[in-house]
Amino acid sequence: MSRPRQFNEDQVLEAAMQCFWRQGYAATSVRDLGAAMGIGQASFYNAFGDKRALFGRCLDRYLDAGMRARIARLAAELPPRRAIEAFLEEIVARSLRDRLGCLLVNSALEVAPGDPEVAALVAARLAELEDFFRRMLQAGQGAGTVTATTDAGDMARLLVTLVMGLRVLARARPDPALLQGAVRQTLALLDAPERRIQ
């Protein structure tokens with residue numbers, strides 16, 4: 001009969017997520033994680049498998065409270081085009097506030113190129129954001145608030161690229177006007193050509 005766990009899983013996952021967020025995936029050792037979580041290595045491996053598996057759970061925890069919650073709320077509460085605009089407005093505000101940056105974007109920059117399994121984790125989560133944008137764009141086209149001349153798939157990928165860029169740029173140049181200007185120019189592409197910002 002297995003022994004009951006002697007720790008609160010929610011608390012230790014939060015501690016692990018914060019550790020990955022502060023230090024990055026590569027610089028965080030299992031020993032660092034165990035110390036932050038307050039558990040030994042045997043408990044760590046028994047409960048979470050390995051560092052990569054734990055990272056996947058931490059990334060999901062981060063996204064559940066952030067990106068996924070935001071997507072669900074905006075898609076349910078706002079018209080499609082306004083949902084896109086509000087998502088980007090919230091990203092700008094969050095980027096100016098969160099000095100650690102975004103765990104998902106940080107991970108894409110840091111580990112994805114050298115670790116195919118982590119790259120796949122990151123890519124799958126970025127695909128969720130792309131899917132949200134694509135759905136809102138297509139719905140906006142149906143409602144007449146997004147130009148029908150744009151390709152929804154290409155534009156969704158551009159908007160993901162914008163989000164990634166905003167998160168990175170805010171780390172070095174946390175200038176609201178700079179970030180808001182990038183959003184404004186990108187959103188102008190959703191208008192019919194004659195209405196775009198000159």
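Student: To start, where is the place of Glu-85?
Tutor: Glu-85 lies in helix H6, which covers residues 80-97. Helices (H or I, at least four residues) and strands (E, at least two) are DSSP runs, numbered from the N terminus. Please note that this is a predicted model, in which local features need pLDDT of at least 70 and side-chain atom pairs count only at pLDDT 80 or more, while totals for chains, interfaces and linings use all residues. Residues are numbered from 1 along each chain as its sequence is written, and side-chain values use heavy atoms, with hydrogens and water left out.
Student: Does Glu-85 count as buried or exposed, and why?
Tutor: Glu-85 counts as buried because its relative accessibility is 18%. Buried means under 20% relative accessible area, exposed over 50%, and partly exposed in between (1.4 Å probe, protein chains only).
Student: Which side chain does Glu-85 join in a polar contact?
Tutor: The side chain of Arg-81, at 3.0 Å. A polar contact is a pair of N or O atoms within 3.5 Å; within protein, one must be able to donate a hydrogen and the other to accept it, and residues adjacent in sequence count only if both atoms are side-chain atoms.
Student: What residues in H10 does H6 meet?
Tutor: Arg-81, Ile-84, Glu-85, Leu-88, Val-92 and Leu-96 in H6 are in contact with Pro-176, Leu-179, Gln-180, Val-183 and Leu-187 in H10. Contact means heavy atoms within 4.5 Å. By class, eight of the residues in this contact are nonpolar, one is polar and two are charged. Here Ala, Val, Leu, Ile, Met, Phe, Trp, Tyr, Cys and Pro count as nonpolar, Asp, Glu, Lys and Arg as charged, and the others, Gly among them, as polar.
Student: Now another pair. Which residues of H3 meet H4?
Tutor: Phe-44, Ala-47 and Phe-48 in H3 meet Lys-51, Ala-53, Leu-54 and Arg-57 in H4. This contact divides into five nonpolar, no polar and two charged residues.
Student: And the whole protein: how many helices and strands does it have?
Tutor: The protein has 10 helices and zero strands. Its C-alpha trace spans about 70 × 35 × 30 Å along the principal axes.
Student: What percentage of its residues count as buried?
Tutor: Of the 198 residues, 45% count as buried. Among contacts between residues at least 6 apart in sequence, 67% join residues at least 24 apart.
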